[in-house]
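Take a look at the chain below.

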Amino acid sequence: MQYAKKLHIENFRCIDKLEIPLNKINVFVGRNNTCKTSIIEALTLILTSLKKYRDVLGRDILDTILSQRGDPKYLVRINSEYTSISLEFEDGVNASMYMINKPENAGKTPLKEAFIESYDQ
């Protein structure tokens, strides 16, 4: 089994820019409103993007997050034009996803089409 070794998050929800080295087991501890949930949601989105946003039970994670949050622009940090999440794996494979926040597209572009995903090998 391969493990993720580093998570990069930029302009996602309350996170400006963050790089987290990962281990086989990771624990996030902190007071309320310190971005723990944002980190977990970013990690969940990038991992499920590898399987069309489906979890092991077949649920659509992107739709689940949006049903809780409402508007897709909620995922992009306030006053930012994009959000970026990337994950580096031990074997050198990288996964990245971006969402561009264009006000003229508000309500017109389904979120799954707004995310641009790439995988390096």
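What follows goes from the overall picture to single residues.

This is a predicted model, in which local features need pLDDT of at least 70 and side-chain atom pairs count only at pLDDT 80 or more, while totals for chains, interfaces and linings use all residues. Residues are numbered from 1 along each chain as its sequence is written, and side-chain values use heavy atoms, with hydrogens and water left out.

Start with confidence. pLDDT is the predictor's confidence in each residue, from 0 to 100. The chain averages 81, and 82% of the residues score at least 70. Strand β2 (residues 15-21) has the highest confidence in the chain, at 95. Helix α3 (residues 111-114) has the lowest, at a mean of 52. Where pLDDT is low, the predicted coordinates should not be read in detail.

Now the layout. The chain has three helices and five strands. Helices (H or I, at least four residues) and strands (E, at least two) are DSSP runs, numbered from the N terminus. Along the sequence they follow the pattern β-β-α-α-β-β-α-β. Of the 121 residues, 35% count as buried. Buried means under 20% relative accessible area, exposed over 50%, and partly exposed in between (1.4 Å probe, protein chains only).

Strand pairing comes next. Two strands pair if DSSP finds at least two bridges between them. Strand β1 (residues 4-12) pairs with β2 in the antiparallel sense, over six bridges. Phenylalanine 12 has isoleucine 15 in β2 as its bridge partner. The two strands form a hairpin with two residues between them. Arginine 13 sits in this loop between β1 and β2. Its phi is near 50 degrees, a positive value in a residue other than glycine. Most residues other than glycine have a negative phi. Is arginine 13 buried or exposed? Arginine 13 counts as buried because its relative accessible area is 16%.

Asparagine 33 also has a positive phi, near 60 degrees. Asparagine 33 lies in the loop between β2 and α1. With a relative accessible area of 80%, asparagine 33 is exposed.

A second hairpin joins β3 and β4. Strand β3 (residues 82-89) and strand β4 (residues 94-100) pair in the antiparallel sense over seven bridges. Threonine 83 stands opposite methionine 99 in β4. Four residues lie between the strands, and glycine 92 in this hairpin takes a positive phi near 90 degrees.

Turn to the helices. Helix α1 (residues 36-49) has 14 residues and reaches 20 Å from its first C-alpha to its last. That is close to the 20 Å expected at 1.5 Å a residue; the expected span is 1.5 Å times one less than the number of residues. Buried residues in α1 include Ser38, Ala42, Leu45 and Ser49. An α-helix has 3.6 residues a turn, so residues three or four places apart point the same way.

Aspartate 60 is found in the loop between α1 and α2 (61-69). Its relative accessibility is 9%, so aspartate 60 counts as buried. A polar atom of its side chain lies 3.1 Å from the backbone nitrogen of leucine 62.

Last, the open space. A pocket is an open set of points on a 1 Å grid over the protein atoms alone, where a 1.4 Å probe fits, with protein on both sides within 12 Å along at least five of seven lines; lining residues have an atom within 4 Å of a point. The second largest pocket is lined by 13 residues, and Gln2, Tyr3, Ala4, Leu47 and Phe89 lie nearest its centre. The elements that give two or more residues to this lining are α1 and β3.

Key: Polar contact = N/O pair within 3.5 Å; in protein donor to acceptor, adjacent residues only side chain to side chain.
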